[in-house]
Amino acid sequence: MNTVATHEAFEHPALFYRTEQEYVDRTVSFVQEGLDLGEPVAVAVPGPNLELIRAGLGADARAVRLLDMTVAGRNPGRIIPGVLRAFADSHQRGRVRIIGEPIWAGRSAVEYPACAQHEALINAAFEGRPVTILCPYDEARLDEEVLADARITHPTVMTRDKESVSEDYDWRSVVARYNEELVPAPDAAVFSFGADELYAARAFAVEEARRLGLAGQRLADTELAVAELTTNSVVHGAGRGTLALWARAGQVVCEVRDAGRLSDPLAGRRPPARGQIGGRGLMLVHYVADLVRLHTSDEGTTVRFYVGS
Amino acid sequence: MVDVSQGDDGLGPGRGAAVLEVGPLTGRPGIRARGEISEITRSPWEEALAGLARQHADVSYVELSEVAFVDVAGVAALAVTALGLSGGRVVVEHPPPQVPRVLSLFWPGLGRIEVAPR
């Protein structure tokens, strides 16, 4: 089945590479091809790889937007609005070319489901837009399961000297598969809230997060994120919900559960119009957190976010 | 000041419930607010901003030194109001930290708003 035809404007190849030299050769030629065509080009890859591309481009690097993906895309949930759409939307005329490497060896087992969902959702976010996003995968260091997922989330795969249509392409199945149930932590501090307890829920979160080690900007961001999620529960999630906080592996984990169902897979990743008042709550959480995990079903929705101290 | 508190449990602003008092500044164009700006107090905040926009000439002031918290939609209402002005600017005085934080995330470089920090 040729699935490329249904995404004729958007191109989203995965690049499987094995060596540093292969990485540099393929990415630098991809960037230079874009520059030769007059296309705006951005590169968002992990720091060491960014330096390889920068060195390979030489003086041409000045014409390219370069971002360390371990910073800009630490939380994979903010890559679509904060990196990809931010660049593509600022260049509305003609094709835009981006290298995005959101999955690297070292992504944790807690992060990976959100990374795979992000790669899948890129297809929905850019359908019909003249954008090319090349996603490198380190074939030598990533698990076979990750590479198999990449064949499902990318309509085409580039290996060595050829680009082929992926017979496995089916991005929705990856969104569904990693919509994993989130089991509550037994040691969490828990607070149930309704519309009258929004202030108290926020105060509870601040007190607990501070006790668990957050301070300064991270504590302030946690307060803001909890305010948005608890408000969403009251407005969209049957009027009430449950807030829980605990510490795990050096991070504070905050979770809000309610009885609503999130029907839009791109919720929190689709930038609202500049003049629109609502619709930024979940995106705010993606922007300030180190990781967001989400589970939604007919039984309810859980949003869990992680903040390092 | 117009008291538009809702669900006040007698503990006063910033303690037991979401409360917002908002009214005009004296001696200069603009509004001042006290309490918190969130879902519960959204309506009076947006009405006050609409009033500010109607009377805006060159510079309007939004005095927030007694506001303890503003959520994302509250900051959005402020930004959208400023974007809709035909000219001039809005000076936001002494806002809580959520205001510059949310402006920097969603409206970086918005020249229509000048923030005078706490």
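This is a predicted model: local features need pLDDT of at least 70, side-chain atom pairs count only at pLDDT 80 or more; totals for chains, interfaces and linings use all residues.
Figure 1. Of the 118 residues of chain B, 42% count as buried. Chain B contains three helices and six strands, and these follow one another along the sequence in the pattern β-β-β-α-β-α-β-α-β. Among contacts in chain B between residues at least 6 apart in sequence, the share that joins residues at least 24 apart is 58%.

**Figure 2. Confidence along chain B and for the model as a whole.** Chain B has a mean pLDDT of 88, and 86% of its residues reach 70 or more. Residues 2–16 of chain B have pLDDT under 50 throughout. For this stretch of chain B the model has 26 contacts beyond four places in sequence. The scores of the model are ipTM 0.91 and pTM 0.93.

**Figure 3. The contact between chain A and chain B.** Chain B contributes 18 residues to the contact, and chain A contributes 18 residues. On the side of chain B that touches chain A, the elements that give two or more residues are α2 (72–83) and α3 (98–106) of chain B. Of the elements on this side, α2(B) gives the most, with six residues. By class, the side of chain B that touches chain A comprises twelve nonpolar, three polar and three charged residues.

**Figure 4. Helix α10 of chain A and its surroundings.** Helix α10 (residues 281–288) of chain A is mostly covered, with eight of its eight residues buried. The buried residues in α10(A) are G281(A), L282(A), M283(A), L284(A), V285(A), H286(A), Y287(A) and V288(A). Within chain A, the buried residues of α10(A) pack against α4, α9, β11 (291–297) and β12 (300–308). From chain B, α2 and α3 also pack against the buried residues of α10(A). The helices α2 and α3 of chain B are also the elements that give two or more residues to the side of chain B that touches chain A.

**Figure 5. The two domains of chain A and the contact between them.** Chain A is divided into domain 1 (4–177) and domain 2 (189–308). The C-alpha centres of domain 1 and domain 2 of chain A are 29 Å apart. To their contact, domain 1 of chain A gives 16 residues and domain 2 of chain A gives 13 residues. On the side of domain 1 of chain A that touches domain 2 of chain A, the elements that give two or more residues are α4 (79–89) and α5 (112–125) of chain A. The helix that gives the most to this side is α5(A), with five residues. By class, the side of domain 1 of chain A that touches domain 2 of chain A has nine nonpolar, three polar and four charged residues.

Figure 6. H118(A) lies in helix α5 of chain A. H118(A) counts as buried because 26 other C-beta atoms lie within 10 Å, against a threshold of 20 or more. Leaving aside neighbours within four places in sequence, H118(A) is in contact with P76(A), G77(A), I79(A), I80(A) and P102(A). H118(A) and C135(A) are 17 residues apart in sequence, and their C-alpha to C-alpha separation in space is 12 Å.

**Figure 7. Packing of helices α8 and α9 of chain A.** Two packed helices are described by the angle between their axes and the distance between the axes. Helix α8 (residues 198–211) and helix α9 (residues 216–236) of chain A pack at an angle of about 145°, with their axes 9 Å apart. The crossing of α8(A) past α9(A) is right-handed. From α8(A), the residues that meet α9(A) are L198(A), A201(A), R202(A), A205(A), V206(A), A209(A) and R210(A). Their partners in α9(A) are L219(A), T222(A), E223(A), V226(A), A227(A), T230(A), T231(A) and V234(A). The residues of this contact divide into nine nonpolar, three polar and three charged.

Figure 8. A238(A) is found in the loop between α9 and β9 (240–248) of chain A. Phi of A238(A) is near 65°, a positive value in a residue other than glycine. A238(A) counts as partly exposed because it has 13 C-beta neighbours inside 10 Å. A249(A) is found in the loop between β9 and β10 (251–258) of chain A. Phi of A249(A) is near 50°, again a positive value in a residue other than glycine. A249(A) has 9 C-beta neighbours inside 10 Å and therefore counts as exposed, the limit for that class being 12 or fewer.

Technical notes
Residues are numbered from 1 along each chain as its sequence is written. Chains are lettered from A and ligands numbered from 1 in the order in which they are written. Two residues are in contact if their C-beta atoms, placed from the backbone, lie within 7 Å. Helices (H or I, at least four residues) and strands (E, at least two) are DSSP runs, numbered from the N terminus. Ala, Val, Leu, Ile, Met, Phe, Trp, Tyr, Cys and Pro count as nonpolar, Asp, Glu, Lys and Arg as charged, and the others, Gly among them, as polar. pLDDT is the predictor's confidence in each residue, from 0 to 100. Axes are lines fitted to C-alpha atoms, for helices over the stretch in contact, and angles run from 0 to 180 degrees between N-to-C directions. A crossing is left-handed if the near helix is turned anticlockwise from the far one by less than a right angle, and right-handed if clockwise. Domain bounds come from an automatic or database domain assignment.
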